[in-house]
Amino acid sequence: MQKVINLFDFRVKINYKNEILAGLTVAMTMIPESLSFAILAGLSPLTGLYAAFLMGLVTAILGGRPGMVSGGAGATVVVLIALASSYGVEYLFAAVVLAGILQFLVGIFKFGKFIRLIPQPVMYGFLNGLAVIIFLAQIAQFKVKESGVEVWMQGPALYLMIGLTLLTIAIVFFMPKITKAIPSSLVAIMVVFGIVYFFDLDTKKVINIASVSGSFPSFHIPQVPFTLETLKIVFPYAMVMAGVGLIESLLTLNMVDEITNTKGQSNREAAAQGIANITNGFFGGMGGCAMVAQTLVNIGAGARARLSAIIGALTILLIILVGGPVIEQIPMAALVGVMMMVAIGTFEWASFRIVNKMPKHDVFVAFIVTVITILLHNLALAVLIGVVISALVFAWESAKRIRARKYVDENGVKHYEIYGPLFFGSTTAFMEKFDVSSDPSVVIIDFKESRVVDMSAIDALNKITEKYLKEGKKLQIVHLSPDCRELLKKAEEVIVVNIIEDPTYKVMPDS
């Protein structure tokens, strides 16, 4: 019971100054990103701020990784754009709730460990595709509505928007080289805001999209029909969002583990992400997951406890309640510039430098995942396809590694010493190792350096046994590990193999 109610470990010393300053810094960096992601999805900017507050607070308290920051992230919002545009924001809220339930179940049933199955090339493709989506989406902000129709900006308005965007990018890029005391994105927004305000420049602002002045999030059940048809519409989007959110969150958790040399709890984090998204759906937030950039800012500022993320979430709530009129005057060029730099920072530029050093199949996997992410905006599907391709490549490479050392002893018995796993991919090569017709009357297959893995391997053993039996020869198998013998025992009704028991010799146990 103590583990359930002990949300904070008071035995750990906390540097309150670092935690509070890190929380304030994180809040300032989350605001422009949350606003931009919400606008990108065609939602009210307020839904982005609500998500930043709700995700940040719930995961900070319940999550499995102190120091990690969650909010309204673009990775999850991108997959819901089509749903919101086709069916409306209420269906989006319903999808967020359902995605939260799925994530909570993943945490409860301890499936978070399967994040380890995602190879590095898949992550390169995932991040590169996401970066391209975010960057291209900013181009749409150079459009304005005229008579209800969106058209590209022209003339002075376009040049001013481009100039302010380039200024934002320059500040975000060069500011860290001068000082890192203040977040560069915050400085860029303040400078561009000041220029537009004091010189009374006529440019596109947040208020032109929607109002961000708001109150405390209120409970709201998504107004959708509770029918099977609604579930059919919402479930695919919810499943994709849940998958994308968990992938990004658990990968961010692993990243923080490496930086801080500590160990987070992946299943607890998955459950916390689910609770946070359920809360989002019922309180008007657009949902989200862990945010890599903000987490790095938080850790870089010295935060190691839950307090910084809590401070950041409460700061965002304060801005929602009293800072709306100021936020509404932020030029869109500033947000576009910040988001373009986020996209540039998200892109794995290292993938270009090591492309000649990576195996060709890894390059292919990264490329495929990137293309699918960009074309379909379906990050979970892209990752799934990447994992499947990587698994098939691994199976093929492992199948080629099976070897057989052959010799005849002084008693005239022929030995086949097998090296490499015997599974569905290697059974053909395994069968080709034997010369049944020319072998002597007694043959021994030695599995000291091998392992029987699956049903295909059992079937291969059955076939080779039948071949020797037809020739009137005796086949024996030695040095099977205990789990392999157990596998063959379970299949004894469909296989006839003469196994020489070797109970004291343990070969390649799972431990």
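Reader: Which residues does L92 touch, leaving out those up to four places away in sequence?
Author: L92 touches L43, L80, L83, A84 and M286. Touching here is contact, meaning heavy atoms within 4.5 Å. This is a predicted model, where local features need pLDDT of at least 70, side-chain atom pairs count only at pLDDT 80 or more, and totals for chains, interfaces and linings use all residues. Residues are numbered from 1 along each chain as its sequence is written, and side-chain values use heavy atoms, with hydrogens and water left out.

Reader: Which residues touch the most other members of the largest nonpolar core?
Author: L80, L92, M286 and I316 do, in a core of 82 residues. A nonpolar core is a set of buried Ala, Val, Leu, Ile, Met, Phe, Trp, Tyr and Cys residues joined through side-chain atoms within 4.5 Å. Buried means under 20% relative accessible area (1.4 Å probe, protein chains only).

Reader: And which helix gives the most to this core?
Author: Helix 15, residues 332-346, with 11 residues. Helices are DSSP runs of H or I, at least four residues, numbered from the N terminus.

Reader: What lies apart from it?
Author: Another core, of 22 residues. L422, V443, I464 and Y468 are among them.

Reader: New topic. How many helices and strands are in the protein chain?
Author: The chain has 21 helices and nine strands. Strands are DSSP runs of E, at least two residues.

Reader: How much of the chain is buried?
Author: Buried residues make up 51% of the 511.

Reader: What box do the C-alpha atoms fill?
Author: Roughly 100 × 55 × 55 Å, along the principal axes.

Terms used. Buried < 20%, exposed > 50% of the residue type's maximum accessible area, 1.4 Å probe, protein only.
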